[in-house]
Each structure stands twice: as C-alpha cells, then as structure tokens.
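This is a short briefing on one protein structure. Please keep the sequence and the 3D view open while reading.

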Amino acid sequence: MKLLFPTQHLKMERREGQDYIWGIVRKKWYVLQPEELVRQAMLDWMIREKGVSAALISVEKGIKYLKLQKRFDVVVYDNKGKAFILCECKAPEVSLSQDTLNQIARYNVSIQAPHLLLTNGREVLFFSLEEGKYVHKKEAWWK
C-alpha cells in the first residue's frame, strides 16, 4: 500500500522469518507492524523533508490521563522544549474517525500541544489551536 509519506529511505530487514524496521529517532529495530511503518515513514519525512531535528522528537512515551497510564505516539517540541505537535499514528486500514480524534484530544489534555496531527499514512488530519479552539486545517501545512 502506498503511503502519503515517502518510504524509500526507511531501513527494513528480515530476520528469522520476521520483518523489522529501523527506528530513526530511538535508534533501534522494531517489529514491522502497519502502525510502525506509518510512524517511521512520518518521522523520516519530518526529519528529512521538513528539517525537524530528531532531538526535538519524543516517541511512545507514557503519560497520565485521569489517573490512567497511556502512551502517546509522537510529540514534536519547539526549541524551548514546549510540546508543539502531538501526533497519533494509526495503521493504514484504521479509518480516521471521531474515535481516533477523541483519543488524540484525550492525550493532549496532558501534553497541551497547540497542533495535532492524526494520520493512518493514507490521510492526514491537522488541527491548530486558534482562539481557544482546535481548527481543522484543510490546507495541509505538510505538503
């Protein structure tokens, strides 16, 4: 399946019948799952194409939400160390729905990023905080 994000620079290998993908930010191999492919393709694109420093990216870290332990996919920080973009990655077969939007919104209660990016690799939804509300940006900043 073709993704919106380029995949030609991703490092993948097969070992003992299992496919793996190299994590560009965390610098280790991961079992190649559809969601991991989307995450790594998006991260590679952010770093290569958009010039985001890997040092400003945090991947799959634990957070608290209403006393529950959760894990966000990706947070991009600004140069002052403040959360700038919260990203939620889904497998390509998962549709971007109100449920997935609710999930990223719940995580953002703890993170407080002014921008939200939700993707399944086939679609990208991007929202920015404007006058106290998150507004869907139809003009994709990422192109």
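The model is predicted. Its mean pLDDT is 92, and 94% of the residues score at least 70.

**Confidence along the chain**

- Confidence is highest in strand S2, residues 18-23, where the mean is 98.
- Confidence is lowest in strand S5, residues 62-65, with a mean of 72.

**Helix H1**

- Helix H1 covers residues 34-48.
- The helix is made of 15 residues and spans 21 Å between its first and last C-alpha, close to the 21 Å expected at 1.5 Å a residue.

**Nonpolar cores**

- In soluble globular proteins, nonpolar side chains tend to be buried together.
- The largest nonpolar core here contains 23 residues. Met42, Leu43, Met46, Ile57, Val74, Cys87 and Leu117 have the most contacts inside this core.
- Two or more residues of this core come from each of H1, strand S4 (57-59), strand S7 (74-77), strand S8 (83-89) and strand S10 (124-130).
- H1 gives the largest share, six residues.

- Cysteine 87 is buried, at 0% relative accessibility.
- Leaving aside residues up to four places away in sequence, cysteine 87 touches Met42, Met46, Asp73, Val74, Ile104 and Leu117.
- How many disulfides does the structure hold? The number is zero.
- A disulfide would need the sulfur atoms within 2.5 Å.
- Cysteine 89 is likewise in no disulfide, with the sulfur of cysteine 87 as its nearest cysteine sulfur. Cysteine 89 is also buried, because its relative accessibility is 0%.

**Lysine 90**

- Lysine 90 sits in the loop between S8 and H2.
- Is lysine 90 buried or exposed? Its relative accessibility is 12%, so lysine 90 counts as buried.
- The side chain of lysine 90 makes a polar contact of 2.6 Å with the side chain of glutamine 103.
- Beyond residues up to four places away in sequence, lysine 90 touches Glu35, Val38, Leu96, Thr100, Gln103, Thr119 and Asn120.

**Positive phi angles**

- Most residues other than glycine have a negative phi.
- Lysine 27 has a positive phi, near 55 degrees, and is not a glycine.
- Lysine 27 belongs to the loop between S2 and strand S3 (28-31). Its relative accessible area is 52%, so lysine 27 is exposed.
- Glutamine 112 also has a positive phi, near 65 degrees, in a residue other than glycine.
- Glutamine 112 lies in the loop that joins helix H2 (98-111) to strand S9 (115-119).

Notes. Residues numbered from 1 in each chain as written. Predicted model: local features only at pLDDT ≥ 70, side-chain atom pairs only at ≥ 80, totals over all residues. Heavy atoms only, no water. pLDDT = per-residue confidence, 0-100. Helix = DSSP H or I, 4+ residues; strand = E, 2+ residues; numbered from the N terminus. Buried < 20%, exposed > 50% of the residue type's maximum accessible area, 1.4 Å probe, protein only. Core = buried A, V, L, I, M, F, W, Y, C linked by side-chain atoms within 4.5 Å. Contact = heavy atoms within 4.5 Å. Polar contact = N/O pair within 3.5 Å; in protein donor to acceptor, adjacent residues only side chain to side chain. Expected span 1.5 Å × (residues − 1).
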